[in-house]
Amino acid sequence: MENFVLSAARKNLENVGYLDLDLDPGKDLFQEIERLKREKNAIILAHYYQEPDIQDVADYIGDSLGLAQAAAKTEADLIVFAGVHFMAETAKILNPGKKVLLPDLKAGCSLADSAPAGPFRKFKEAHPDHVVISYINCTAEIKALSDIICTSSNAEKIIESVPADQPIIFAPDKNLGAYLNKKTGRNMLLWNGSCMVHEIFSLEKITRLKVRHPEAKVIAHPECEDAVLRVAEFIGSTTQLLKYTQKDSAQAYIVATETGILHQMQKESPLKTFIPAPPTNNCACNDCPHMKLNTLEKVYLCMEYELPEITMEENLRLAAKKPIERMLEISRKAGLIGG
Ligand code: 13P
Ligand code: SF4
């Protein structure tokens with residue numbers, strides 16, 4: 001019979017976002033998570049912005065495109081998504097028959113929140129001749145209202161797959177959209193959304209850092225504002241930034257994206273120096289508060305009790321699946337992902 005503490009934690013799950021249970025401090029969570037993986041045929045997919053311990057127990061770490069593809073291909077019965085809600089939702093959309101767990105249901109995304117379905121539907125209705133391309137950082141409802149999904153690593157190819165004279169709405173990230181308009185020469189109509197982490201980098205502080213470390217290259221994620229992108233020597237998705245630092249000959253980098261990626265950068269290039277680009281104020285705003293809600297304890301708890309789970313209404317899932325499949329198909333044809 002389920003004990004009182006566990007049933008109280010289950011009841012409280014919606015309020016707090018996870019099973020709030022005390023763990024024996026002597027428990028080796030790394031070992032326990034490995035055991036649960038074997039026993040439950042589970043896979044842990046983690047985004048680069050997760051805390052280092054979570055990255056270290058993950059079976060696959062990647063950017064949004066890599067994670068979507070890994071979710072589409074997996075043969076595991078249980079998918080533990082160490083990332084934010086829209087990412088776990090994407091895994092569920094692609095795997096209706098599998099249990100998809102998110103360590104903390106409250107791990108949202110300010111960018112996804114900046115495009116609520118009601119106002120976006122009206123925006124789309126006001127421009128009926130436009131094709132809708134949405135960045136994967138959006139809710140299932142926005143995906144269902146979109147024609148094609150993209151990520152930061154395939155966005156140019158996705159846009160190029162649309163005839164040049166076809167008007168496009170791009171949502172929800174205005175910074176990524178503006179960057180893509182510049183790169184592709186299109187004039188996409190942009191939804192006014194942004195990421196709270198990437199819009200807070202201070203150009204002034206980056207410039208001062210560059211004076212102190214003239215040998216360091218500035219590299220940036222395209223969710224950053226134009227002023228930061230202008231001083232960047234390389235712009236790319238998290239995976240592209242990581243690969244760049246592995247292949248490039250520079251010995252130091254000022255990294256304008258969430259700090260979690262520095263763990264893999266440092267692991268892959270232990271002799272190089274990685275400096276997180278500073279935010280405008282003195283807070284740790286270059287840590288995504290949503291991504292960092294997940295902890296190793298919550299990963300263990302969600303695997304042990306198979307909660308919290310992502311569920312979705314079937315009609316919404318089917319509507320959201322179409323534009324994701326178009327993205328995967330275009331990415332495959334462009335050679336960006338394997339079969
Ligand atoms: P990528 O990992 O696809 O570059 O996305 C970054 C991001 O902000 C995810 O929330
Ligand atoms: Fe969303 Fe920005 Fe956090 Fe990524 S870093 S999950 S875009 S709030």
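Colleague: How many cavities of 30 Å³ or more does the count give?

Modeller: The count gives 2 cavities of 30 Å³ or more. The model is predicted: local features need pLDDT of at least 70, side-chain atom pairs count only at pLDDT 80 or more, and totals for chains, interfaces and linings use all residues, while side-chain values rest on heavy atoms, with hydrogens and water left out. Residues are numbered from 1 along each chain as its sequence is written, and chains are lettered from A and ligands numbered from 1 in the order in which they are written.

Colleague: What makes a space a cavity or a pocket?

Modeller: On a 1 Å grid over the protein atoms alone, a cavity is a set of points where a 1.4 Å probe fits but cannot get out. A pocket is an open set with protein on both sides within 12 Å along at least five of seven lines, and lining residues have an atom within 4 Å of a point. Grid points are joined across faces, edges and corners, and a volume is the space filled by probe spheres set on the points.

Colleague: Which residues lie nearest the centre of the largest cavity?

Modeller: They are Tyr49, Asn137, His198, Glu223 and Met291, out of 29 lining residues. The lining divides into 13 nonpolar, 13 polar and 3 charged residues; here Ala, Val, Leu, Ile, Met, Phe, Trp, Tyr, Cys and Pro count as nonpolar, Asp, Glu, Lys and Arg as charged, and the others, Gly among them, as polar.

Colleague: What makes the pair between His47 and ligand 1 a polar contact?

Modeller: A polar contact is a pair of N or O atoms within 3.5 Å; within protein, one must be able to donate a hydrogen and the other to accept it, and residues adjacent in sequence count only if both atoms are side-chain atoms. A polar side-chain atom of His47 lies 2.6 Å from an oxygen atom of ligand 1, so the pair falls within the limit. For His221 the distance to an oxygen atom of ligand 1 is 2.7 Å, and for Asn137 it is 3.3 Å. The protein covers 96% of the 300 Å² of accessible area that ligand 1 has on its own, by the Shrake-Rupley method with a 1.4 Å probe (for residues, only the protein chains shown count as cover).

Colleague: Which residues line the second largest cavity?

Modeller: Ser64, Leu67, Ala68, Phe81, Met87, Thr90 and Ile136 line it. By class, this lining has 5 nonpolar, 2 polar and no charged residues.

Colleague: How much space lies in the largest pocket?

Modeller: The largest pocket holds about 300 Å³. It is lined by 16 residues, of which Asp63, Ser153, Thr239, Gln240 and Lys243 are the closest to its centre. By class, its lining has 8 nonpolar, 6 polar and 2 charged residues.
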